Amino acid sequence: MRVDHVRGGTNGNNVSPSAFAMPEGMAMRYDMPDPALSDYLTGYAIYASSHRTPMLNWYLPAPAMISVLVDAGPLTVSIGNHRFGPLDRASFYGPTSRAFRTETHGGIAVGIGLSAVGWSRLTARSAGDFHNRVVPLSGALGPELSARLIEGLDALDDDMMIKPLLDEVFGGLFDQPHPREDLIRAFTALTVTDGVIEMKDVADRLDIPTHELRRMATRHFGMPPKLLLRRARFLRSFIRLITADGLNDYSMIDSSYFDASHFLRDAGTFLGTTPRRFIASDTVFLRASLRARAAVIGAPTQALHGVAKPVPTVPNRSSADPDRLQPSA
């Protein structure tokens, strides 16, 4: 596939083409995975640029993601003071608690979002090992998956075929359930619930000890529960502000913030700057992505991706401990 094969849009119905409007020489598409994969994959995002000069873009902190480059120049990623790259053709972005910056040189980037349940079914490794890191996909999840994605995408000549290809590649990879999926789903739901921020409150709602919550969150979500809850709270509030174009209307921030200065301190933690300065920086693809993802998938960013099922009642843990790390297969 070449960059001029990407026209943008979606395979879904009833989405206005205006949701994918981009500057000249750029295109973007979003697609929902097959319903059988929707518990495990949060969406497919495709970005394309025919400009081969260096381009910077900032992105919000996010859960784990697979990224594959096609017909692309070198790509580097900066997370805080750490720089990764030039990246391999297929990379694994671990869960991030900092905004990250990419420097691209044109081409296509195909992103596949992983839910915590998806991660738990895909590997026995701890997501915490990849917190704020970008590594070759072959090293994180195996060379076979990496090769299938690269070879399959290289062979396409129409971006409408990306979704069917990804559905086929990932079909069958999530067949082995994790014994604590009810707990993972319940915690996922709480992370997108307004006002939920205290770790003890969450542990009580899930009916588990706080030490177990900490181990579960690090293993499946990639970071301690307090940091994860703060990240979700900040992103809920930040996105309300920027989508309403009201960066001064702090009445829209999460109810658990004491005041605007409390929110702005979190902005320093997760963005590294103020919301206004962040939005004024290189965020062409980010702003377009928030609009398109909300139109296709319903949540503007992967970190706020909800759960399709109601929050289940979580049974007490048995004497066995399935969340204790096992050797990677």
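**Close-up 1. Lining of the largest cavity.** Of the 43 residues that line the largest cavity, Ala45, Tyr47, Tyr59, Met65 and Phe100 lie nearest its centre. Elements giving two or more residues to this lining are strand E2 (41-49), E3, strand E4 (65-70), E8, strand E9 (107-114) and helix H11 (284-296); E9 supplies the largest share, seven residues. The cavity holds about 630 Å³ of space. A cavity is a set of points on a 1 Å grid over the protein atoms alone where a 1.4 Å probe fits but cannot get out, and lining residues have an atom within 4 Å of a point. The model is predicted: local features need pLDDT of at least 70, side-chain atom pairs count only at pLDDT 80 or more, and totals for chains, interfaces and linings use all residues. Residues are numbered from 1 along each chain, and side-chain values use heavy atoms, without hydrogens and water.

**Close-up 2. Open antiparallel sheet.** Four strands (DSSP runs of E, at least two residues) are arranged in the order E3-E8-E5-E6 with antiparallel pairing; a pair requires at least two DSSP bridges. E3 (55-59) and E6 (82-84) are the edge strands, each with a single partner, so one side of each has no neighbour in the sheet. Five bridges join E3 to E8 (residues 100-104), with methionine 55 opposite threonine 104.

**Close-up 3. Packing of helices H5 and H8.** The axes of H5 (residues 181-191) and H8 (residues 225-243), lines fitted to C-alpha atoms over the stretch in contact, come within 9 Å and cross at roughly 40°. Phe187, Leu190 and Thr191 of H5 meet Pro225, Leu228, Leu229, Ala232 and Arg236 of H8, contact meaning heavy atoms within 4.5 Å.

How values were computed: Axes are lines fitted to C-alpha atoms, for helices over the stretch in contact, and angles run from 0 to 180 degrees between N-to-C directions. On a 1 Å grid over the protein atoms alone, a cavity is a set of points where a 1.4 Å probe fits but cannot get out, and a pocket is an open set with protein on both sides within 12 Å along at least five of seven lines; lining residues have an atom within 4 Å of a point. Grid points are joined across faces, edges and corners, and a volume is the space filled by probe spheres set on the points.
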